[in-house]
Amino acid sequence: MFKKSRRKIVASIMSVLVLLWFGTLAVIYTASYLEMSEQNRGMLREHAEHYVLSQPSDMPPPARPEPNMEKPHYSDMPSFQLSTFYTVAMSYDKEILEIKNPQQTVHSNEELEALARELAAAGKRAGVKNDLVYYVLDKGGYMLFAFKDNTIINESMDTLFRYTLIFGGLAIVVLFFVAVYLARRIVKPLEESYQKQKQFISDAGHELKTPISVVSTNAEILSREIAGNKWLANIQYENERMGVLVTQLLELSRVENAPIITEQIDFSRLVSGEALPFESMAFENGHTLCCNIDENVTVQGNCTQLKQLVSILLDNAIRHGDKGTDIQLALKAEHGYALLSVVNAGAAIPAEKHDMLFERFYRVDFVRNGDDGHYGLGLSIAKAIVDSHDGKISVRCADGLVKFKVQIPI
């Protein structure tokens, strides 16, 4: 139980950390990429706006645009001076007027011309193509296609992403061990309290056995002398009830605390044998016990505890099942588990109470007087047995049926 709680705490902490990590990484990466992309586009746009044909043409060169004080001046930035720009000037008749290519070893003139013609045909004005950021501007007499290599920014972002993943992953590993440590510290007081509670129940049960035995013996002797005394009968009745309760508490404590001795068990034979005495019990209570047990289902477990598990589930179904209905007992092997199920017709149990069924002293009808010899410990013992066998137990209600299902590894 506490191992599961520690795992849940660690899983919760790590889920939050991983989500924060990925969220932070996404924000940083996106913000950096957008900022650098906007800066590249701004520099490219400013370069295009200040561009003037260096070769003579029939068209008079346009005047340089007045600087816009509201926009940032990228030309004043050192990165602008260090950047390499490629330009293709094209007339409205698709004639190439000029190509400026300071890095012909990187991009050839033919490549730039082909790209400019492709963009002209597509009518696009800005974007990214073949790792080149482009900007198309009508210069009032010709079209200017300005390009800036985007390789550096892509490599920078890849480097940022790679190192963030590496160091973030290492941080997550370190934080995982911190989460494990914190989970142990958080659960430790609860575990100690639970262990003390179980020890108290065990000690109290053993201490109560002696006075219960003494009271029972003395009451039996007195009954021979003053037979028919109603006060003495009450004492005997209550003492018997107390004896049953103490026995169940000690059984629960033994199952939870004592290490079990396991062996290879023919679970099919065990379930069939344990079901036999319950057939008459079911008949007396107006039920029919129907068994569907596959052969040769074997498990590694404790024979005594598994018999007790089957008895608890059948007894529970007989006591709570609607009169005149069938009780279905089934056993089969599936996906590496022995699946034991007991189904009875009865009132549906609210979903929020399913887990509470396996708690100590819990009863759905809230009756705890123990007149029927049961104190809400049977399913607690069943769960403790299943847990000791590394299995799972659950309850499901649907279509007027209540189904208890047990999974034990084969």
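Q: Is Leu-44 buried or exposed?
A: The relative accessible area of Leu-44 is 1%. A residue is called buried under 20%, exposed over 50% and partly exposed in between, using a 1.4 Å probe and protein chains only. Leu-44 therefore counts as buried.

Q: What kind of model is this?
A: Residues are numbered from 1 along each chain as its sequence is written, and side-chain values use heavy atoms, with hydrogens and water left out. Local features need pLDDT of at least 70, side-chain atom pairs count only at pLDDT 80 or more, and totals for chains, interfaces and linings use all residues, since the model is predicted.

Q: In which helix does Leu-44 lie?
A: Helices (H or I, at least four residues) and strands (E, at least two) are DSSP runs, numbered from the N terminus. The protein chain has eight helices and twelve strands. Leu-44 belongs to helix α1.

Q: Which residues is Leu-44 in contact with, leaving aside its neighbours within four places in sequence?
A: Contact means heavy atoms within 4.5 Å. Leu-44 and Thr-84 are 40 residues apart in sequence, with 9.9 Å between their C-alpha atoms. With the neighbours within four places in sequence left aside, the contacts of Leu-44 are Phe-85, Val-133, Tyr-134, Tyr-135, Ala-146, Phe-147 and Lys-148.

Q: Which residue in β5 stands opposite Tyr-135?
A: Strand β4 (residues 132-138) and strand β5 (residues 142-149) run antiparallel and are joined by seven bridges. The residue of β5 that stands opposite Tyr-135 is Ala-146.

Q: How far apart in sequence are the parts tied together by Glu-118 and Lys-129?
A: The side chains of Glu-118 and Lys-129 form a salt bridge, with 3.1 Å from N to O. Glu-118 is in helix α3 (residues 109-122) and Lys-129 is in strand β3 (residues 126-129), so the parts that this pair ties together have a sequence separation of eleven residues.

Q: By about how many helical turns are Asp-315 and Arg-319 separated?
A: Asp-315 and Arg-319 form a salt bridge whose closest N and O atoms are 3.0 Å apart. Asp-315 is buried at 14% relative accessible area, whereas Arg-319 is partly exposed at 31%. The two are four residues apart in helix α7 (residues 303-320), so their separation is about one helical turn.

Q: What is the N to O distance in the salt bridge of Glu-334 and Lys-332?
A: Glu-334 is partly exposed, with 33% relative accessibility. Lys-332 is partly exposed too, with 39%. The N to O distance between their side chains is 3.5 Å.

Q: How many disulfides does the structure hold?
A: A disulfide is a pair of cysteine sulfur atoms within 2.5 Å. The count for this structure is zero.

Q: How far from Cys-291 is the nearest cysteine sulfur?
A: Cys-291 is partly exposed, at 39% relative accessible area, and is in no disulfide. The nearest cysteine sulfur belongs to Cys-290, and its distance is 7.5 Å.

Q: What separates the C-alpha atoms of Ile-293 and Val-271?
A: Ile-293 is in strand β7 (residues 288-293). Leaving aside neighbours within four places in sequence, Ile-293 has contacts that include Val-271 and Leu-329. Ile-293 and Val-271 are 22 residues apart along the chain, and the separation of their C-alpha atoms is 7.9 Å.

Methods. Salt bridge = Lys/Arg side-chain N within 4 Å of Asp/Glu carboxyl O. Pairing = 2+ DSSP bridges.
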